[in-house]
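Hello,

Here is the structure I promised to pass on. My notes follow below it, so please open it first and read on with it beside you.

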Amino acid sequence: MSEESVTVHDALGGTAFFLRLADRFYERVRDDAVLLPLYPEPGDLPAASRRLGLFLAQYWGGPQTYNEERGQPMLRARHNPYVIGALERDHWLVCMLSAVNELVADDDIRTQMTEYFAKAAEHLRNDQPLRLVKP
Ligand code: HEM
């Protein structure tokens, strides 16, 4: 058997898949009373959707288009303007996992994505100060 493995990006059909996933996610954000107010410009949701889709395509092994357009992701820093507590994290996850469950048929990939999103959303929680040293 070959050692080479197909990226999740390729297995799901390429960047178009991640753009569609982000669109499905943002359709849910539009109806979410906790998440929608976080977005400064509701008219800008299509642009936000493209940024998320390109980031995810890149993260899962696709082209570096996100970095070319936006620079290094630095996601924690980019989320600083928004207060993300457990409630926001959970609403974000419900919207994303419902989009994943709708679009991803492969059980193994669905599990990988679920684990990634759960960890990443918790990592972006910023409602408590980070303690780098013991008090
Ligand atoms: C797995 C977790 C997450 C990932 C991978 C993610 C990814 C991203 C990316 C790639 C951007 C665009 C950054 C840029 O290029 O400017 C973004 C923006 C944003 N995110 Fe997240 N995010 C996550 C979780 C969250 C959570 C939990 C919230 C709050 C509930 C949140 C709220 C926002 C908002 C309000 C924006 C600004 C919209 C925009 O203009 O792009 N995100 N996120």
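To begin with a definition: a residue is called buried if 20 or more other C-beta atoms lie within 10 Å of its own, exposed if 12 or fewer do, and partly exposed in between, with C-beta atoms placed from the backbone. Gln 112 counts as partly exposed because it has 14 C-beta neighbours inside 10 Å.

Two things to keep in mind about the source. This is a predicted model, in which local features need pLDDT of at least 70 and side-chain atom pairs count only at pLDDT 80 or more, while totals for chains, interfaces and linings use all residues. Residues are numbered from 1 along each chain as its sequence is written.

**Single residues**

Gln 112 sits in helix 7 (helices are DSSP runs of H or I with at least four residues, strands are runs of E with at least two, and both are numbered from the N terminus). Between Gln 112 and Val 8 there are 9.5 Å from C-alpha to C-alpha, although they are 104 residues apart in sequence.

Met 74 belongs to the loop between helix 4 (65-70) and helix 5. Its phi is near 35 degrees, a positive value in a residue other than glycine. Met 74 counts as exposed because 10 C-beta neighbours lie inside 10 Å.

**Helix packing**

Helix 2 (residues 15-30) and helix 3 (residues 45-59) have axes that come within 8 Å and cross at roughly 135 degrees. Axes here are lines fitted to C-alpha atoms, for helices over the stretch in contact, and angles run from 0 to 180 degrees between N-to-C directions. The two helices are therefore oblique to each other (under 35 degrees counts as roughly parallel, over 145 as roughly antiparallel, 65 to 115 as roughly perpendicular, and the rest as oblique). The contact of helix 2 with helix 3 has 11 nonpolar, three polar and three charged residues. In these classes Ala, Val, Leu, Ile, Met, Phe, Trp, Tyr, Cys and Pro are nonpolar, Asp, Glu, Lys and Arg are charged, and the others, Gly among them, are polar.

Helix 2 and helix 6 also have axes within 8 Å of each other, crossing at roughly 135 degrees. Residues of helix 2 in this contact include Arg 20, Leu 21 and Phe 25, and those of helix 6 include Cys 95, Met 96 and Leu 103 (contact means C-beta atoms, placed from the backbone, within 7 Å). By class there are eight nonpolar, one polar and four charged residues in the contact of helix 2 with helix 6.

Helix 6 and helix 7 pack at about 165 degrees with axes 10 Å apart, and they are therefore roughly antiparallel to each other. Their contact has nine nonpolar, one polar and three charged residues.

**The ligand**

Which residues are closest to the ligand? They are Ala 48, Phe 55, Glu 88, Trp 92 and Ala 120, out of 20 that surround it (a residue is near a molecule or strand if its C-beta atom, placed from the backbone, lies within 6 Å of it). Helix 3, helix 5 (75-79), helix 6 (86-103) and helix 7 (107-123) each supply at least two residues of the shell, and helix 3 gives the largest share, four residues. By class the shell has 14 nonpolar, one polar and five charged residues.

Best wishes

Conventions. Two residues are in contact if their C-beta atoms, placed from the backbone, lie within 7 Å.
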